[in-house]
Protein chains: 2
Amino acid sequence: MAAKKAENFDDWYTQIILKAELVDYSPVSGCMVLRPSGYAIWENIQKATDAEFKEVGVANTYFPLFIPERLLKKEAEHVEGFAPEVAWVTHAGSSKLEERLAIRPTSETLMYEVVSKWIRSWRDLPMQLNQWNNVVRWEFRHPTPFLRTREFLWNEGHSLFATREEADAERDVIMGVYRKVTEEFLAIPGYFGRKTRSETFAGAEATFSIEHLLPDGKAIQGPDWHSDGQNFSRAFDIVFIDQNGEKQYAYQNTWAISTREIGIMLAIHSDDKGAVVPPRLAAVQVVLVPIVNDENKAEVLREAKKLHAELKRSFRVMLDDRDHLTPGRKFNEWELKGVPLRIEFGPRDMKEGQAVLVRRDTGAKRVAKLSGLSGEVERELETIQKGLFARASDALTKNTHSASTLAEVKKILDSHGGIVRIHWCGREECEARLKEESGGKVLNVPLDQRGKASCVVCQREGSIALFGRSY
Amino acid sequence: MAAKKAENFDDWYTQIILKAELVDYSPVSGCMVLRPSGYAIWENIQKATDAEFKEVGVANTYFPLFIPERLLKKEAEHVEGFAPEVAWVTHAGSSKLEERLAIRPTSETLMYEVVSKWIRSWRDLPMQLNQWNNVVRWEFRHPTPFLRTREFLWNEGHSLFATREEADAERDVIMGVYRKVTEEFLAIPGYFGRKTRSETFAGAEATFSIEHLLPDGKAIQGPDWHSDGQNFSRAFDIVFIDQNGEKQYAYQNTWAISTREIGIMLAIHSDDKGAVVPPRLAAVQVVLVPIVNDENKAEVLREAKKLHAELKRSFRVMLDDRDHLTPGRKFNEWELKGVPLRIEFGPRDMKEGQAVLVRRDTGAKRVAKLSGLSGEVERELETIQKGLFARASDALTKNTHSASTLAEVKKILDSHGGIVRIHWCGREECEARLKEESGGKVLNVPLDQRGKASCVVCQREGSIALFGRSY
């Protein structure tokens, strides 16, 4: 590992995700390949999120990849936001298409055109639809695997309600799912709040986000939820007959978590030895490495296979019985790849009826009895999972600062970055000045506001806002 | 239901899948929307297939949507097969791309370019990769939801082996998974065999398929497995060092099951009342309809809710307590949508401690005691699942004929269609003549061959082949 996390974060990040065989580059710049261990993380995130979605009544669907140009243009702000990044299909085989087709950068326009025909009465609402799919946004900035790619995988949730109250009430349910998944599965903390007007999703009335902090001191946006009000329902004529027999436009929300979140997670947990992946998401949770020499090989391997068979019932476990590699080489390889727990099992362990458990996150070693090994492994994995979240939370707290003047904000960001808690009057004028002078931006505005203080720019009365340089 | 299955199959098919709310059209011709009940079927097929894949060592991945034009052209036969149907991206935002990008019609070329870097030694093999994704083939023929769409969802499996023997041995494993999923989940039978040279996948050495029969007498291809030999490994330089230190090209296979299979399944099982969906795949397996009047409403609903809560532990069950619809309207709706089992529960049933179970497939009604209802429901669903497969198998057997002359083949296909077992010499000349004169084609050649007989065209010695008009 040439690049170190503390010295050269960008190079270190790219190096660990490539060497850990989580991703690879593809021949198209900005489009990445998710290798088996990388895709397994996404599968596990999907599984956890989807189970929660289903619990709250969300139904999965699949809408086509292509959006006709005329449709994309139907909501003015929306097309303005996405048009510069759209990949256009112009030909099929050797024929030129009559109308250009956008590869979906997000599916509002296509979905709402179709869904408008599915809704007639208030009885058809609420309707919470979702799809797990691929979208394309042709970024011209430098791509980074997971964090900024031209094609990415995500969920796009689209829900419709009869009233604004019901629509608004969905926010805490969906953001609650995302909070649970990010904290309990990805083991990363974040700050929840409302984005400013200038950072609101194209076509939405309000955007709420979870903001994470990368180890290099830059903030980065995680999952989000948008309140669209009736913007799209008016543009796409999504009308229902209410209980009084009156025509009404539906209220809509949209929400997403994407493969970007995997990059944030890896950047936060991993170290100079390689990737660190939380047990709940890892493709392989436990690797069992038998330590043998020519005399005891057959016997140790036979016992190791028994252990493997036992552990397989409860965990994603791999027996590394390759005989052309030394145990040391294997240890390095699995540390690089981020397997959360290593079990070493040699002739002495066999005699003593024990095994050695080694944590990937801390390197801590301890001996465990073979009787009840599954229970020990389960506790150890749980400890690792919680330990990762606790350490990430500590780091976030330590790197969250307060500032009451613009000069203080600048000083903090210039010296070590992080997230700065400021007071801000809420005016775009001050937001722009802050951005210009410090190179940072308002990340979001927490809902939990206690007391007022003067705006760091204009000294007018202001509310708490989170500020930082952002990825 | 205006169109009848027996009278106008094409209209009937489109009508039931639209009215059952399984799919909808999208604004782009040939691209369909999978509505919640339709997508749930695909999710369940995926889940069943994916579990089997993981059991045999297949690893999931994700490769990008875009294939640069130069890459698609790397294997000559392959590009010739796909180029006429490729959707081309030429612009991103307002910029023209330097090179056109194909939307993947299948991912061989992109995957193998990348995977060639992952393989160094025989120890890296076998490697069985898979992705569940969307692909685009811009068909110019009339599109039909599920059966022929320009975008569809599928699995594309791509595996690499050190020797031809190992590569060939994969065939029965993967086709075994597809056979299990089609028979035990979709409840549809099919004929397994080898496609002829002229019907072999573009770039492959051999293609094996499962061929199904639609109720209108036309055959249709289901899942397939292709042996690519070293065609692609030579084009993409997928080389490994074998155990003797020699460079070798890998042997490759590819395999797929797609959303087309859902259309085949629906066409086979459904009837003039609407969709029929096998219990293992249905979004809702059981609908519980309380039958109430003003006097007993509260009491019956309370008991129905208890039943619902109990059944929810084991089944995908819905309580239909809408009070603006009569039970009759509800029965029709759920029959249209293909819910496998209906439970009727009224005041008399409540008194007697029973419920009425009504099968969607046969319409058969029977009374079941509330004590042990879950067990009864489970048995009933299992009976429906098996009954569907048995009926479909009977229909396939009844509609499989034998012919020993070209005239007989034509007579059978002209009068009622179906699959015709013929003998064929294996020469392309006779295959072409058969096609020209009867409008059918050789579907596949069964592996299980007993004895020889004379070719229906040239009278030379021939093997058994399955023949029919094909979708």
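How many disulfides are there over all chains? In this predicted model, the count comes to zero.

## Cysteines

A disulfide is a covalent bond between the sulfur atoms of two cysteines. The sulfur of A:C31 lies 20 Å from the closest cysteine sulfur, which belongs to B:C31, and this is too far for a bond. A:C31 counts as buried, with a relative accessibility of 2%.

A:C425 is likewise in no disulfide, although the nearest cysteine sulfur, that of A:C430, is 3.7 Å away; a pair would have to be within 2.5 Å to be counted. A:C425 is also buried, at a relative accessible area of 19%, where the cut-off for buried is under 20%.

## Helix α10 of chain A

Helix α10 of chain A spans residues 327–337, and its buried residues are A:K330, A:F331, A:W334, A:E335, A:L336 and A:K337. These buried residues pack against a helix, α1 (9–19), and against the strands β15 (286–290), β16 (317–319) and β17 (341–345), which belong to chain A as well. Just after α10(A) comes A:G338, which takes a positive phi of about 85°.

## Helices α1 and α8 of chain B

In chain B, helix α1 (residues 9–19) packs with helix α8 (residues 260–269) at an angle of about 110°, their axes being 10 Å apart. Because of that angle, α1(B) is roughly perpendicular to α8(B). By class, the contact between α1(B) and α8(B) has six nonpolar residues, one polar residue and no charged residues.

From α1(B), the residues B:F9, B:W12, B:Y13 and B:I17 take part, and in α8(B) they meet B:G263, B:L266 and B:A267.

Technical notes:
Residues numbered from 1 in each chain as written. Chains lettered and ligands numbered in written order. Predicted model: local features only at pLDDT ≥ 70, side-chain atom pairs only at ≥ 80, totals over all residues. Heavy atoms only, no water. Buried < 20%, exposed > 50% of the residue type's maximum accessible area, 1.4 Å probe, protein only. Helix = DSSP H or I, 4+ residues; strand = E, 2+ residues; numbered from the N terminus. Contact = heavy atoms within 4.5 Å. Axes fitted to C-alpha atoms, helices over the stretch in contact; angles between N-to-C directions. Parallel < 35°, antiparallel > 145°, perpendicular 65-115°, else oblique. Nonpolar A, V, L, I, M, F, W, Y, C, P; charged D, E, K, R; others polar.
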